[in-house]
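Here's a walk through one structure, starting with the overall layout and then moving in on one spot. Keep the 3D view open as you read.

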Amino acid sequence: RSPRPSSSLQHLEPVAEGGGLAPAPRKPTLAETLAKMRKVKKDHGAHLRRHPLQMGASSMGTTTYQDGCVQLVQKASDPKWSSELRLLDQSVGAKSKYDNTMTASLTGGISPEPAFYQRPAF
């Protein structure tokens, strides 16, 4: 059985071949560091993004929910769609108001009575 290295021993400095201490590693200069940073780095995860269903098309940066929300805002500011959206909003609001007035107050009962029905405005 071989002896384990002792953790109580101090770290010894490396000795050069001439008998003196080995020179400390040289710190890179700023120019060397910048040159190293400018190198084009290999994309190690490219194979994970390639898929036959995408066929070279870039992946979407937004979710479908977020895309739907953004489309609505874009169409609301577009003059071509804004008038149609306002009409649709008024129609949905009128339908909602009509449904609220025609709710059943009791099981089997309708409020208001059929004699007081309002004509739907939608």
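Starting from the N terminus, the elements of the protein chain go α-α-α-α. That's 4 helices and 0 strands. Bear in mind that you're looking at a predicted model.

Now for the chain as a whole. It has 122 residues, and buried ones make up 3% of them. Take the contacts in the protein chain with a separation of 6 or more: residues 24 or more positions apart account for 17% of those. As for aromatic pairs, the count is 0.

Next, let's look at how two of the helices meet. Two packed helices are described by the angle between their axes and the distance between the axes. Helix 3 covers residues 64-77, and its axis lies 5 Å from that of helix 4, with an angle of about 100 degrees between them. So helix 3 is roughly perpendicular to helix 4, because angles of 65 to 115 degrees count that way.

Which residues do the meeting? On the helix 3 side you'll find Leu72, Lys75, Ala76 and Ser77, and on the helix 4 side Pro79, Trp81, Ser82 and Leu85. Among these, Lys75 and Trp81 are worth a look: Lys75 sits over the face of Trp81, 4.1 Å from the ring centre.

Finally, zoom in on Ser82, which belongs to helix 4, spanning residues 79-101. Is Ser82 buried or exposed? Its relative accessibility is 12%, so Ser82 counts as buried, since buried means under 20%. The side chain of Ser82 also reaches back to Pro79, 3.5 Å from that residue's backbone oxygen. If you set aside the neighbours within four places in sequence, Ser82 is in contact with Lys75 and Ala76. Both of those are in helix 3, among the residues that meet helix 4.

How values were computed
Residues are numbered from 1 along each chain as its sequence is written. This is a predicted model: local features need pLDDT of at least 70, side-chain atom pairs count only at pLDDT 80 or more; totals for chains, interfaces and linings use all residues. Side-chain values use heavy atoms; hydrogens and water are left out. Rings of Phe, Tyr and Trp (its six-membered ring) pair if their centres lie within 6.5 Å; planes under 30 degrees apart count as stacked, over 60 as edge-to-face and the rest as tilted. A charge sits over a ring if NZ of Lys or CZ of Arg is within 6 Å of the ring centre and within 35 degrees of the ring normal. Helices (H or I, at least four residues) and strands (E, at least two) are DSSP runs, numbered from the N terminus. Buried means under 20% relative accessible area, exposed over 50%, partly exposed in between (1.4 Å probe, protein chains only). A polar contact is a pair of N or O atoms within 3.5 Å; within protein, one must be able to donate a hydrogen and the other to accept it, and residues adjacent in sequence count only if both atoms are side-chain atoms. Contact means heavy atoms within 4.5 Å. Axes are lines fitted to C-alpha atoms, for helices over the stretch in contact, and angles run from 0 to 180 degrees between N-to-C directions. Angles under 35 degrees count as roughly parallel, over 145 as roughly antiparallel, 65 to 115 as roughly perpendicular and the rest as oblique.
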